[in-house]
Amino acid sequence: MGDYTPDVAGTGVPTLAGKQVETADVKPPSGVLYHQLRREPLNIVGGRGSYLITDTGLEILDATCGAAVSCLGHSDERVHEAILEQLKKIPYCYSMYFTNSAAESLSKFLVDSTGGKMSRAYIVSSGTEAVEAAVKMSIQYFTELPVPQPQRVNIISRKSSYHGNTLGSLAVGHHAARRRIYESLLSKNVHHISQCYPYRGMKTNESVEDYVVRLARELEDEFQRLGPDTVCAFVAETMTGATLGCVPPLPGYLKAMKAVCEKHGALMILDEVMSGMGRTGTLHAWEQEDVVPDLQTIAKGLGAGYAPIAGLLINKHVVDTLSNGTGAFVHSQTYQGHPVSCAAAYRVQQIIKEDNLLPNVRAMGEYLGQILHKRLDGHPRVGDIRGRGLFWAMEFVQDKATKEPYPPSKALSWTLHTTGLKPEYSISLMPGSGGIDGVNGDHIILAPPYNTTRAEIDLMVDRTVRVIKEDVYNAE
Ligand code: PLP
């Protein structure tokens, strides 16, 4: 079972028992409060391309760009230079009083990248903040329409979703294990419907079209249950990332959901914190879905990890409403539009263009999917392999016929992650647990950088397969 003990705290992440920890990678606790309080993680002192380097000199293949973040790989000198240049110009100015050229350039790039479908960008520091800003802006929008609709206080989002960890974003999401102990503080005005999750949600013999119709009907029913004119927005990830593990939307799904929102005058917020900014093969994941959201969040691939940054892209009609209303978004943060973060992200986005990386995401993504299927379709514990672009996951089951998930007590995905970090594998895999109902189920995600190569993908899959072969049966 590797290092981890059951998820006794119910946090969705297994805890560590000191006794079981292998002494090789454990040091006396430092002053940092890590996610695991009783364990110090590997110390990363450097990085090069797709590799992270530890203080012991181990080179770890970063198969997940951290949490789907480092999309240019590590240590791109061009981004370092842009950051340094901005630091020398001006490191910080307060966005309540001033703007800065880096924020202006980045925002213009982002708006243009939507073909003008979005008309403004609101730059913050994390995905969570972007989600909270999106929800607050949609509430404000309805209070500032020429005929205000302040009764629109309900948000509909989806079960088994993750939209961030602060109280507002945690309420929007539905990760049962992460919500459990904070439930008393979470808004009761957020309501959750089913995900588009064919592996477990689609009935035997049901067609894609019928499944999509059924999901759209569920949304319609939820509008009716709440009162259609009380719903402010529907929130969904364009491609579900962390919770279920890289589930692309079925053709027509998001379009059908948008139609229900439009019918009732509600907004659609697409959360592209993880799936956006090129990860799925187009800069915006919604471009592949024939749908345009009213509000869109972006984060991880935006700054590629060179600086903390996220954003909210806003459709013209929402901007116009606020502009003609109070003329201000009732929300402000100290580090909004931070010059250094914006300069880093702007350079990252230029490099994605200059190096023509999106075609590589599509080509390498297709290759990654093919070899994952080739190597693991026959594995008795790999229930599903799915993905798009350079964003792929494998879901593990105890029995392929019944799709019986692994319980949290097995800590399977975290065990795979820990095993991957052993020197003989040296690969960082992204673990995911609690997908199905926030409690049961395991998957791992592969999300390599956009400039990855076939050779790197071969190596990544080879190491992943070896890790799975070592650990999956041990977990039983
Ligand atoms: N929304 C989605 C879809 C995410 O995947 C995440 C993080 O993984 C967030 C929001 C929260 O982003 P952050 O961790 O940057 O606050």
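In what order do the four strands of the open sheet with mixed pairing stand? The order is β1-β2-β3-β14, where helices (H or I, at least four residues) and strands (E, at least two) are DSSP runs numbered from the N terminus, and two strands count as paired if DSSP finds at least two bridges between them. At the edges of this sheet stand β1 (44-48) and β14 (427-428), each of which pairs on one side only. Strand β2 (residues 51-54) and strand β3 (residues 59-62) are joined in the antiparallel sense over three bridges, and Leu-52 is found opposite Ile-60 in β3.

The model is a predicted one, in which local features need pLDDT of at least 70 and side-chain atom pairs count only at pLDDT 80 or more, while totals for chains, interfaces and linings use all residues. Residues are numbered from 1 along each chain as its sequence is written.

A second open sheet is built from seven strands in the order β4-β10-β9-β8-β7-β5-β6, again with mixed pairing. Its edges are β4 (118-124) and β6 (190-193), and because each has a single partner strand, one side of each is left without a neighbour in the sheet. On average, neighbouring strands here are turned by 20° against each other, direction ignored; axes are lines fitted to C-alpha atoms, for helices over the stretch in contact, and angles run from 0 to 180 degrees between N-to-C directions. At one end of the order, strand β5 (residues 154-158) runs parallel to β6 and is joined to β6 by four bridges, with His-192 in β6 as the bridge partner of Ser-157. Helix α8 lies across β5, β6 and β7, and runs at about 150° to β6.

A residue is buried if 20 or more other C-beta atoms lie within 10 Å of its own, exposed if 12 or fewer, and partly exposed in between, with C-beta atoms placed from the backbone. In helix α9 (residues 253-263), the buried residues are Tyr-253, Leu-254, Ala-256, Met-257, Lys-258, Val-260 and Cys-261. An α-helix has 3.6 residues a turn, so residues three or four places apart point the same way. After α9 comes Gly-265, with a positive phi near 75°. In the loop between β7 and α9 is Cys-246, which has a positive phi near 50° although Cys-246 is a residue other than glycine. Cys-246 is buried because 31 other C-beta atoms lie within 10 Å.

Which residues touch the most other members of the largest nonpolar core? They are Ala-130, Ala-233 and Phe-234, in a core of 122 residues, a nonpolar core being a set of buried Ala, Val, Leu, Ile, Met, Phe, Trp, Tyr and Cys residues joined through C-beta atoms within 7 Å. When neighbours within four places in sequence are left aside, Ala-233 is in contact (C-beta atoms, placed from the backbone, within 7 Å) with Val-135, Ser-138, Ile-155, Ala-266, Leu-267, Met-268 and Ile-269.

The ligand is surrounded by 16 residues, the closest being Ser-126, Gly-127, Thr-128, Val-273 and Met-274; a residue is near a molecule or strand if its C-beta atom, placed from the backbone, lies within 6 Å of it. Helix α4 (residues 127-143) gives the most to this shell, with three residues. Gly-127 lies in α4 and is buried because 28 other C-beta atoms are within 10 Å. Although Gly-127 and Thr-297 are 170 residues apart in sequence, they are 7.2 Å apart in space, C-alpha to C-alpha.

A contrasting case is Asn-324 in helix α11 (residues 316-324), which counts as exposed because Asn-324 has 11 C-beta neighbours inside 10 Å. Asn-324 and Asn-360 are 36 residues apart in sequence and 43 Å apart in space, C-alpha to C-alpha.

Towards the end of this account comes strand β15 (residues 430-433), from which Met-430 and Gly-432 point one way and Pro-431 and Ser-433 the other way, all of them buried. Strand β15 pairs with strand β16 (residues 442-446) in the antiparallel sense over four bridges, and Ser-433 is opposite Asp-442 in β16.

How values were computed. Two residues are in contact if their C-beta atoms, placed from the backbone, lie within 7 Å.
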